[in-house]
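Please look through the sequence and the model shown here. A short report comes after them.

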Amino acid sequence: MSSVPASSPAPIAQRENTKLGMWIFLGGEVVFFVTLILTFTFVRVTQGNYEAEFRSYLSIPLIGINTFILVTSSFLVVRALEAIGYRGDQKRMRYYLLAVIVLGLIFLGGQAFEWSILFGDGIDYSSTYGSPFYTVTGIHATHVFIGVVWAIYLLLSHHRHPYTKEHHLGIENFGLYWHFVDIVWIVLFTVIYLV
Amino acid sequence: MKTTNRPNYLLVFIILSASTLIETLVSYVQPAPIRLPVLIVASAVKALLVLLFFMHLKFDSKIFTYLFVPGCVLVIPLILIIMVVMPLIV
């Protein structure tokens with residue numbers, strides 16, 4: 001019976017398999033979000049007067065602040081990873097994760113507030129720009145919500161299975177997901193609000 | 001996460017924040033064709049900074065890049081179909 005030599009070099013460490021899976025998942029998410037963004041752009045290019053019928057109703061300063069909040073949360077995720085990955089500082093990691101949860105909830109609150117303003121202005125799901133707008137921002141907000149739930153899970157599960165300087169892949173995978181959601185928003189902010 | 005390369009996260013965060021502020025101000029510039037290239041370049045740079053430094057793609061194993069990039073390449077025909085071909089049909 002042949003056996004695999006113990007010294008066979010693996011292309012990537014075994015423990016990083018979940019990270020590999022996360023990157024494959026994110027590659028698929030790129031296609032998903034680009035399709036949604038292109039749908040919005042297509043409607044924008046081919047239908048009516050975007051500036052007068054839709055963009056003038058958007059609150060760019062409010063969403064600018066919301067974008068800053070999401071970028072800040074991304075920064076805090078890397079600080080959490082830095083705290084546990086470089087220093088093994090569990091207490092600081094927990095504080096950063098808690099701050100990420102709070103910022104994620106503030107972002108969702110800002111989104112809900114903007115939606116309520118737009119509904120008040122008569123832009124609902126049935127309007128030309130409302131339909132793709134609510135679809136793409138709604139799906140993004142769902143991703144943020146999932147991220148918040150994930151961060152809460154990390155905080156709670158940390159008590160049972162503490163992350164250490166050597167074992168913190170759960171935090172790293174969460175970070176990849178959260179940063180990706182941040183990137184999607186950076187693009188959405190430009191395509192929907194700024195251009 | 002490799003511990004040998006430690007990016008300056010604070011600097012990346014400052015660039016991202018400043019860029020967001022500048023983009024927001026530029027969005028008020030009229031007409032739209034003038035602000036378009038500035039905003040697209042700024043957005044692409046911000047996305048790239050997050051990808052390379054916050055997501056560690058610059059420092060991590062290249063296998064992650066090889067897994068992620070095909071997704072990005074796949075969207076090119078999608079962009080061409082939706083933005084070039086479909087407006088001609090509709």
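## Ground rules

This is a predicted model, where local features need pLDDT of at least 70, side-chain atom pairs count only at pLDDT 80 or more, and totals for chains, interfaces and linings use all residues. Residues are numbered from 1 along each chain as its sequence is written, while chains are lettered from A and ligands numbered from 1 in the order in which they are written.

## Chain B

Chain B has 3 helices and 0 strands. Helices (H or I, at least four residues) and strands (E, at least two) are DSSP runs, numbered from the N terminus. The pattern along the sequence is α-α-α.

Of the 90 residues in chain B, 22% are buried. A buried residue has 20 or more other C-beta atoms within 10 Å of its own, with C-beta atoms placed from the backbone.

## A residue in a loop

His56(B) sits in the loop between helix H2 (32-54) and helix H3 (62-89) of chain B. Its phi is positive, near 60°. Most residues other than glycine have a negative phi. His56(B) is buried, because 21 other C-beta atoms lie within 10 Å.

## Helix H4 of chain A

Helix H4 (residues 90-120) of chain A has 31 residues. From first C-alpha to last, H4(A) reaches 45 Å, close to the 45 Å expected at 1.5 Å a residue. That expected span is 1.5 Å times one less than the number of residues.

Buried residues of H4(A) include Met93(A), Tyr96(A), Val100(A) and Phe107(A). The buried residues of H4(A) pack against helix H3 (60-86), helix H5 (130-160) and helix H6 (169-194) of chain A. Just after H4(A), Gly122(A) has a positive phi of about 90°.

Terms used. Buried ≥ 20, exposed ≤ 12 C-beta atoms within 10 Å, placed from the backbone. Contact = placed C-beta atoms within 7 Å.
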